[in-house]
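This report describes the strand architecture, ligand shell, helix packing and backbone features of one protein model. The sequence and structure are shown first.

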Amino acid sequence: MENLALGAMLFGTVHDERRSFELLDRFVDAGGVWIDTANCYSFWADPSGFGGQSETVLGRWLARRPGVRDRIRISTKVGCEPTEAGRFPETAEGLSAKVVKSGIEGSLRRLGTDHAELYWAHKPDPLTPLEETVAALDELVAAGTVGRLGCSNYPTWQIEQARRTAQVQGRTGFTAIQQQYSYLRPRPATRPSVVHRFGAVTGEVLHYLEHHPDMVLWAYTPLLGGSYTRPDKPLQAEYDHPGTTRRLQVLDDIAAETDSGRNRVVLAWMTGGSPAATPIVGVSTVQQLDEAVAGVTLQLTAGQRERLDGAV
Ligand SMILES: NC(=O)c1ccc[n+]([C@@H]2O[C@H](COP(=O)([O-])OP(=O)(O)OC[C@H]3O[C@@H](n4cnc5c(N)ncnc54)[C@H](OP(=O)(O)O)[C@@H]3O)[C@@H](O)[C@H]2O)c1
(Lines give C-alpha, C1' and ligand atoms only; values in the text may rest on other atoms or scores of the structure.)
Protein backbone atom coordinates (compact mmCIF):
# COMPACT_ATOMS: atom_id res chain seq x y z
CA MET A 1 0.00 0.00 0.00
CA GLU A 2 2.22 2.75 -1.32
CA ASN A 3 -0.52 5.33 -1.90
CA LEU A 4 -1.02 6.26 1.76
CA ALA A 5 1.52 7.91 4.06
CA LEU A 6 1.21 7.88 7.84
CA GLY A 7 1.78 11.36 9.23
CA ALA A 8 3.93 11.06 12.35
CA MET A 9 3.89 14.79 13.14
CA LEU A 10 2.38 14.43 16.59
CA PHE A 11 4.18 11.23 17.59
CA GLY A 12 6.32 11.74 20.67
CA THR A 13 4.47 14.89 21.74
CA VAL A 14 0.66 14.86 21.52
CA HIS A 15 0.74 11.08 21.10
CA ASP A 16 2.87 9.29 23.66
CA GLU A 17 5.17 6.44 22.79
CA ARG A 18 2.61 3.73 23.52
CA ARG A 19 0.00 5.30 21.23
CA SER A 20 2.60 6.04 18.55
CA PHE A 21 3.85 2.44 18.54
CA GLU A 22 0.25 1.18 18.38
CA LEU A 23 -0.48 3.28 15.29
CA LEU A 24 2.82 2.40 13.62
CA ASP A 25 2.31 -1.33 14.21
CA ARG A 26 -1.21 -1.18 12.84
CA PHE A 27 -0.07 0.75 9.79
CA VAL A 28 2.64 -1.78 8.96
CA ASP A 29 0.27 -4.71 9.61
CA ALA A 30 -2.16 -3.16 7.13
CA GLY A 31 0.59 -3.09 4.49
CA GLY A 32 1.52 0.57 4.98
CA VAL A 33 4.91 1.64 3.73
CA TRP A 34 5.50 5.40 3.91
CA ILE A 35 5.92 7.28 7.18
CA ASP A 36 6.14 11.07 7.02
CA THR A 37 8.00 13.11 9.63
CA ALA A 38 10.32 16.13 9.87
CA ASN A 39 13.28 17.21 11.96
CA CYS A 40 11.12 19.99 13.46
CA TYR A 41 8.16 17.82 14.60
CA SER A 42 6.76 19.02 16.80
CA PHE A 43 8.49 22.06 18.25
CA TRP A 44 5.17 23.82 18.93
CA ALA A 45 3.88 20.90 21.00
CA ASP A 46 6.94 20.40 23.17
CA PRO A 47 7.85 22.52 26.20
CA SER A 48 11.42 22.86 24.87
CA GLY A 49 10.20 24.80 21.83
CA PHE A 50 12.34 22.55 19.61
CA GLY A 51 11.46 19.51 17.50
CA GLY A 52 12.91 16.01 17.07
CA GLN A 53 10.42 14.07 19.24
CA SER A 54 8.70 12.45 16.25
CA GLU A 55 11.92 11.15 14.70
CA THR A 56 13.10 10.00 18.14
CA VAL A 57 9.97 7.94 18.74
CA LEU A 58 10.21 6.50 15.23
CA GLY A 59 13.83 5.56 15.94
CA ARG A 60 12.82 3.80 19.16
CA TRP A 61 10.07 1.95 17.35
CA LEU A 62 12.43 0.83 14.58
CA ALA A 63 14.93 -0.37 17.20
CA ARG A 64 12.20 -2.39 18.94
CA ARG A 65 10.93 -3.96 15.71
CA PRO A 66 13.87 -5.76 14.09
CA GLY A 67 13.43 -6.14 10.34
CA VAL A 68 10.70 -3.53 10.01
CA ARG A 69 13.08 -0.91 8.58
CA ASP A 70 13.25 -2.98 5.38
CA ARG A 71 9.46 -2.89 5.06
CA ILE A 72 8.92 0.83 5.50
CA ARG A 73 10.12 4.00 3.79
CA ILE A 74 10.98 7.18 5.62
CA SER A 75 10.04 10.63 4.43
CA THR A 76 11.54 13.45 6.46
CA LYS A 77 12.24 17.17 6.06
CA VAL A 78 14.61 20.00 6.84
CA GLY A 79 14.20 23.75 6.95
CA CYS A 80 11.56 24.57 9.57
CA GLU A 81 13.27 23.87 12.88
CA PRO A 82 13.42 27.12 14.85
CA THR A 83 16.86 28.21 15.98
CA GLU A 84 15.30 30.09 18.89
CA ALA A 85 12.48 28.60 20.92
CA GLY A 86 9.16 30.34 20.47
CA ARG A 87 10.29 32.31 17.41
CA PHE A 88 8.90 30.56 14.32
CA PRO A 89 8.92 31.33 11.46
CA GLU A 90 11.31 34.24 11.90
CA THR A 91 14.16 32.05 13.20
CA ALA A 92 13.48 28.96 11.03
CA GLU A 93 16.79 27.25 10.26
CA GLY A 94 16.43 27.63 6.49
CA LEU A 95 18.19 25.62 3.80
CA SER A 96 21.85 26.62 3.73
CA ALA A 97 24.37 23.87 2.86
CA LYS A 98 25.38 23.72 6.51
CA VAL A 99 21.80 23.31 7.73
CA VAL A 100 20.99 20.65 5.12
CA LYS A 101 24.09 18.65 6.10
CA SER A 102 23.51 18.89 9.85
CA GLY A 103 19.76 18.47 9.32
CA ILE A 104 20.04 15.05 7.72
CA GLU A 105 22.70 13.96 10.19
CA GLY A 106 20.41 14.82 13.11
CA SER A 107 17.41 13.14 11.50
CA LEU A 108 19.28 9.91 10.77
CA ARG A 109 20.76 9.86 14.26
CA ARG A 110 17.33 10.19 15.87
CA LEU A 111 15.82 7.66 13.48
CA GLY A 112 18.68 5.22 13.99
CA THR A 113 19.07 4.59 10.28
CA ASP A 114 21.59 5.47 7.59
CA HIS A 115 19.24 6.76 4.94
CA ALA A 116 15.84 8.30 4.23
CA GLU A 117 14.00 7.31 1.08
CA LEU A 118 12.49 10.78 0.59
CA TYR A 119 13.89 14.10 1.79
CA TRP A 120 11.99 17.37 1.65
CA ALA A 121 12.90 21.02 1.73
CA HIS A 122 10.16 21.91 4.24
CA LYS A 123 9.62 25.49 3.08
CA PRO A 124 11.49 27.93 0.84
CA ASP A 125 14.41 29.81 2.36
CA PRO A 126 14.45 33.36 1.00
CA LEU A 127 17.95 34.03 2.37
CA THR A 128 19.95 31.12 0.92
CA PRO A 129 20.80 31.13 -2.80
CA LEU A 130 18.80 28.40 -4.50
CA GLU A 131 21.97 27.00 -6.09
CA GLU A 132 23.40 26.33 -2.63
CA THR A 133 20.33 24.38 -1.46
CA VAL A 134 20.10 22.44 -4.71
CA ALA A 135 23.80 21.47 -4.52
CA ALA A 136 23.56 20.46 -0.85
CA LEU A 137 20.54 18.23 -1.45
CA ASP A 138 22.11 16.70 -4.56
CA GLU A 139 25.17 15.73 -2.51
CA LEU A 140 22.96 13.70 -0.18
CA VAL A 141 21.49 11.80 -3.11
CA ALA A 142 24.96 11.21 -4.59
CA ALA A 143 26.12 9.84 -1.23
CA GLY A 144 23.10 7.50 -1.03
CA THR A 145 21.96 9.17 2.18
CA VAL A 146 18.61 10.09 0.69
CA GLY A 147 16.67 8.61 -2.22
CA ARG A 148 14.29 11.08 -3.77
CA LEU A 149 14.05 14.86 -3.21
CA GLY A 150 10.91 16.90 -2.70
CA CYS A 151 9.84 20.40 -1.78
CA SER A 152 6.98 21.47 0.42
CA ASN A 153 5.11 24.78 0.60
CA TYR A 154 6.92 26.22 -2.42
CA PRO A 155 5.20 28.51 -4.91
CA THR A 156 5.13 26.88 -8.35
CA TRP A 157 7.57 29.32 -9.90
CA GLN A 158 10.20 28.42 -7.30
CA ILE A 159 9.68 24.71 -7.86
CA GLU A 160 10.37 25.27 -11.54
CA GLN A 161 13.37 27.48 -10.77
CA ALA A 162 14.87 24.87 -8.43
CA ARG A 163 14.32 22.07 -10.94
CA ARG A 164 15.80 24.10 -13.75
CA THR A 165 18.83 24.98 -11.61
CA ALA A 166 19.39 21.30 -10.85
CA GLN A 167 18.99 20.37 -14.52
CA VAL A 168 21.47 23.00 -15.72
CA GLN A 169 24.00 21.94 -13.11
CA GLY A 170 23.55 18.23 -13.78
CA ARG A 171 22.21 17.64 -10.29
CA THR A 172 19.28 15.68 -8.90
CA GLY A 173 16.29 17.98 -8.50
CA PHE A 174 12.93 17.88 -6.79
CA THR A 175 10.52 15.27 -8.10
CA ALA A 176 7.91 15.48 -5.36
CA ILE A 177 5.63 18.25 -4.08
CA GLN A 178 4.05 18.25 -0.62
CA GLN A 179 1.20 20.72 -0.13
CA GLN A 180 -2.14 20.93 1.63
CA TYR A 181 -4.82 19.30 -0.52
CA SER A 182 -8.25 17.80 -0.08
CA TYR A 183 -11.54 17.44 -1.93
CA LEU A 184 -13.11 20.66 -0.68
CA ARG A 185 -11.64 23.78 -2.20
CA PRO A 186 -10.95 27.03 -0.34
CA ARG A 187 -12.72 30.12 -1.60
CA PRO A 188 -10.53 31.90 -4.16
CA ALA A 189 -8.58 34.87 -2.83
CA THR A 190 -8.84 33.68 0.75
CA ARG A 191 -5.68 32.89 2.56
CA PRO A 192 -5.97 29.26 3.64
CA SER A 193 -5.47 28.66 7.32
CA VAL A 194 -2.31 26.74 6.72
CA VAL A 195 0.84 28.23 8.20
CA HIS A 196 2.55 28.43 4.85
CA ARG A 197 1.58 31.13 2.38
CA PHE A 198 1.98 28.86 -0.65
CA GLY A 199 1.12 25.66 1.18
CA ALA A 200 -2.13 24.89 -0.63
CA VAL A 201 -2.52 23.01 -3.90
CA THR A 202 -4.01 25.39 -6.46
CA GLY A 203 -5.13 24.90 -10.04
CA GLU A 204 -1.69 26.08 -11.06
CA VAL A 205 0.02 23.35 -9.04
CA LEU A 206 -2.24 20.72 -10.62
CA HIS A 207 -1.50 22.10 -14.08
CA TYR A 208 2.24 21.98 -13.32
CA LEU A 209 1.92 18.35 -12.26
CA GLU A 210 -0.03 17.45 -15.38
CA HIS A 211 2.86 18.76 -17.47
CA HIS A 212 5.64 17.20 -15.39
CA PRO A 213 4.84 13.50 -15.08
CA ASP A 214 8.09 12.80 -13.22
CA MET A 215 6.66 14.75 -10.26
CA VAL A 216 4.47 13.19 -7.57
CA LEU A 217 2.05 14.94 -5.23
CA TRP A 218 1.88 14.28 -1.50
CA ALA A 219 -1.08 15.86 0.24
CA TYR A 220 -1.04 17.00 3.84
CA THR A 221 -4.14 17.61 5.97
CA PRO A 222 -6.21 15.56 3.50
CA LEU A 223 -9.11 15.09 5.92
CA LEU A 224 -9.11 18.73 7.02
CA GLY A 225 -8.34 17.64 10.55
CA GLY A 226 -11.60 15.65 10.78
CA SER A 227 -13.91 18.46 9.59
CA TYR A 228 -15.67 16.30 7.00
CA THR A 229 -17.45 14.33 9.66
CA ARG A 230 -17.07 15.94 13.06
CA PRO A 231 -19.25 18.64 14.58
CA ASP A 232 -16.44 19.35 17.06
CA LYS A 233 -14.15 20.25 14.13
CA PRO A 234 -16.09 22.76 12.01
CA LEU A 235 -14.76 23.64 8.58
CA GLN A 236 -12.48 26.66 8.44
CA ALA A 237 -13.89 29.94 7.17
CA GLU A 238 -12.30 29.66 3.71
CA TYR A 239 -14.60 26.72 2.93
CA ASP A 240 -17.72 28.81 3.57
CA HIS A 241 -19.03 29.14 0.00
CA PRO A 242 -21.63 27.49 -2.27
CA GLY A 243 -19.08 25.16 -3.88
CA THR A 244 -18.59 23.46 -0.51
CA THR A 245 -22.32 22.75 -0.22
CA ARG A 246 -22.34 21.17 -3.69
CA ARG A 247 -19.21 19.12 -3.05
CA LEU A 248 -20.47 17.85 0.31
CA GLN A 249 -23.76 16.83 -1.32
CA VAL A 250 -22.00 14.71 -3.96
CA LEU A 251 -19.69 13.33 -1.33
CA ASP A 252 -22.70 12.23 0.74
CA ASP A 253 -24.41 10.70 -2.29
CA ILE A 254 -21.35 8.66 -3.20
CA ALA A 255 -20.64 7.74 0.41
CA ALA A 256 -24.18 6.27 0.52
CA GLU A 257 -23.78 4.45 -2.83
CA THR A 258 -20.48 2.92 -1.76
CA ASP A 259 -21.66 2.24 1.78
CA SER A 260 -18.60 4.06 3.08
CA GLY A 261 -18.35 7.62 4.44
CA ARG A 262 -17.11 11.08 3.52
CA ASN A 263 -13.51 10.49 4.66
CA ARG A 264 -13.17 7.31 2.66
CA VAL A 265 -14.60 8.87 -0.48
CA VAL A 266 -12.25 11.86 -0.14
CA LEU A 267 -9.21 9.58 0.12
CA ALA A 268 -10.39 7.37 -2.76
CA TRP A 269 -10.92 10.49 -4.89
CA MET A 270 -7.42 11.73 -4.08
CA THR A 271 -5.54 8.51 -4.68
CA GLY A 272 -7.41 7.56 -7.82
CA GLY A 273 -7.39 11.00 -9.42
CA SER A 274 -5.28 12.48 -12.13
CA PRO A 275 -2.80 13.56 -10.99
CA ALA A 276 -3.00 10.99 -8.21
CA ALA A 277 -2.11 12.25 -4.74
CA THR A 278 -0.62 10.37 -1.82
CA PRO A 279 -2.55 11.53 1.26
CA ILE A 280 -0.54 11.92 4.46
CA VAL A 281 -3.03 11.15 7.20
CA GLY A 282 -2.59 12.25 10.77
CA VAL A 283 -4.48 9.77 12.91
CA SER A 284 -5.04 9.62 16.66
CA THR A 285 -6.75 6.25 16.90
CA VAL A 286 -6.58 2.83 15.29
CA GLN A 287 -10.16 3.35 14.05
CA GLN A 288 -9.12 6.49 12.18
CA LEU A 289 -6.19 4.63 10.68
CA ASP A 290 -8.43 1.76 9.56
CA GLU A 291 -10.76 4.26 7.93
CA ALA A 292 -7.85 5.80 6.02
CA VAL A 293 -6.73 2.38 4.81
CA ALA A 294 -10.29 1.61 3.71
CA GLY A 295 -10.38 4.93 1.88
CA VAL A 296 -7.30 4.36 -0.26
CA THR A 297 -8.51 0.88 -1.17
CA LEU A 298 -12.01 2.04 -2.13
CA GLN A 299 -12.51 2.02 -5.90
CA LEU A 300 -14.75 4.69 -7.39
CA THR A 301 -16.38 4.18 -10.77
CA ALA A 302 -15.57 6.56 -13.62
CA GLY A 303 -19.08 7.98 -13.28
CA GLN A 304 -18.71 8.64 -9.57
CA ARG A 305 -15.38 10.34 -10.15
CA GLU A 306 -16.92 12.47 -12.87
CA ARG A 307 -19.67 13.60 -10.51
CA LEU A 308 -17.16 14.41 -7.78
CA ASP A 309 -14.96 16.37 -10.20
CA GLY A 310 -17.97 18.11 -11.68
CA ALA A 311 -19.27 19.59 -8.43
CA VAL A 312 -17.93 23.13 -8.36
N1 LIG B 1 4.66 19.74 4.84
C2 LIG B 1 4.00 20.41 5.73
O3 LIG B 1 4.19 21.64 5.90
C4 LIG B 1 2.96 19.72 6.57
C5 LIG B 1 2.02 20.46 7.31
C6 LIG B 1 1.06 19.78 8.07
C7 LIG B 1 1.08 18.38 8.10
N8 LIG B 1 2.02 17.69 7.38
C9 LIG B 1 2.02 16.20 7.39
O10 LIG B 1 0.70 15.73 7.16
C11 LIG B 1 0.29 14.86 8.23
C12 LIG B 1 -1.21 14.97 8.45
O13 LIG B 1 -1.55 16.30 8.73
P14 LIG B 1 -2.78 16.71 9.62
O15 LIG B 1 -2.67 16.00 10.94
O16 LIG B 1 -2.82 18.19 9.58
O17 LIG B 1 -3.98 16.14 8.73
P18 LIG B 1 -5.35 15.36 8.78
O19 LIG B 1 -5.05 13.92 8.50
O20 LIG B 1 -6.29 16.05 7.86
O21 LIG B 1 -5.90 15.57 10.26
C22 LIG B 1 -5.55 14.75 11.32
C23 LIG B 1 -6.61 14.81 12.41
O24 LIG B 1 -7.88 14.57 11.84
C25 LIG B 1 -8.66 13.79 12.70
N26 LIG B 1 -9.00 12.56 11.97
C27 LIG B 1 -8.16 11.74 11.27
N28 LIG B 1 -8.82 10.71 10.73
C29 LIG B 1 -10.11 10.87 11.09
C30 LIG B 1 -11.27 10.12 10.84
N31 LIG B 1 -11.25 9.00 10.12
N32 LIG B 1 -12.44 10.57 11.36
C33 LIG B 1 -12.50 11.69 12.09
N34 LIG B 1 -11.41 12.44 12.39
C35 LIG B 1 -10.22 12.03 11.87
C36 LIG B 1 -7.83 13.51 13.95
O37 LIG B 1 -8.16 14.51 14.92
P38 LIG B 1 -8.23 14.14 16.49
O39 LIG B 1 -6.81 13.99 16.92
O40 LIG B 1 -8.90 15.35 17.09
O41 LIG B 1 -9.04 12.90 16.63
C42 LIG B 1 -6.42 13.74 13.44
O43 LIG B 1 -5.52 14.16 14.45
C44 LIG B 1 1.18 15.27 9.41
O45 LIG B 1 1.32 14.23 10.35
C46 LIG B 1 2.47 15.61 8.73
O47 LIG B 1 3.20 14.41 8.48
C48 LIG B 1 2.93 18.33 6.61
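The sections below take up these topics in turn.

## Basis of the description

The model is predicted; local features require pLDDT of at least 70, side-chain atom pairs count only at pLDDT 80 or more, and totals for chains, interfaces and linings use all residues. Residue numbers start from 1 along each chain, following the sequence as written.

Helices and strands are DSSP runs numbered from the N terminus, with helices being H or I of at least four residues and strands being E of at least two.

## The barrel

Eight strands form a closed barrel in the order S1-S2-S3-S4-S5-S6-S7-S8, with parallel pairing; two strands are paired if DSSP finds at least two bridges between them. From one strand to the next, the twist averages 30°. Strands of a sheet pair through backbone hydrogen bonds, either parallel or antiparallel.

Strand S1, residues 5-7, pairs with strand S2, residues 34-36, in the parallel sense over 3 bridges. Within this pairing, Leu6 has Ile35 of S2 as its bridge partner.

## The ligand shell

The ligand is surrounded by 25 residues, the closest being Gly7, Met9, Tyr220, Gly226 and Gly282. A residue counts as near a molecule or strand if its C-beta atom, placed from the backbone, lies within 6 Å of it. Strand S8 (277-281) and helix H9 (286-297) each contribute at least two residues to this shell.

By class, the shell holds 9 nonpolar, 13 polar and 3 charged residues. In this scheme Ala, Val, Leu, Ile, Met, Phe, Trp, Tyr, Cys and Pro are nonpolar, Asp, Glu, Lys and Arg are charged, and the others, Gly among them, are polar.

## Packing of H8 with H9

Helix H8 (residues 262-272) packs against H9 at an angle of about 45°, and their axes are 7 Å apart. Axes are lines fitted to C-alpha atoms, for helices over the stretch in contact, and angles run from 0 to 180 degrees between N-to-C directions. H8 and H9 are therefore oblique to each other; angles under 35 degrees count as roughly parallel, over 145 as roughly antiparallel, 65 to 115 as roughly perpendicular and the rest as oblique.

On the H8 side, Asn263, Arg264, Val266, Leu267, Ala268 and Thr271 meet Glu291, Ala292, Ala294, Gly295 and Val296 of H9; contact requires C-beta atoms, placed from the backbone, within 7 Å. This contact of H8 with H9 comprises 6 nonpolar, 3 polar and 2 charged residues.

## Packing of H4 with H5

Helix H4 (residues 130-142) and helix H5 (residues 156-168) pack at an angle of about 65°, their axes lying 10 Å apart. Leu130, Glu131, Val134 and Asp138 of H4 make the contact with Gln161, Ala162, Thr165 and Ala166 of H5. The residues in the contact of H4 with H5 are 4 nonpolar, 2 polar and 2 charged.

## Backbone features in loops

Phe88 and Pro89 are joined by a cis peptide bond with omega of about 10°. Pro89 lies in the loop between strand S3 (73-78) and helix H3 (97-111). A cis peptide bond also joins Ser274 and Pro275, with omega of about 0°, and Pro275 belongs to the loop between H8 and S8.

Leu224, a residue other than glycine, has a positive phi near 50°. Leu224 is placed in the loop between strand S7 (216-220) and helix H7 (242-257).

Methods:
Two residues are in contact if their C-beta atoms, placed from the backbone, lie within 7 Å.
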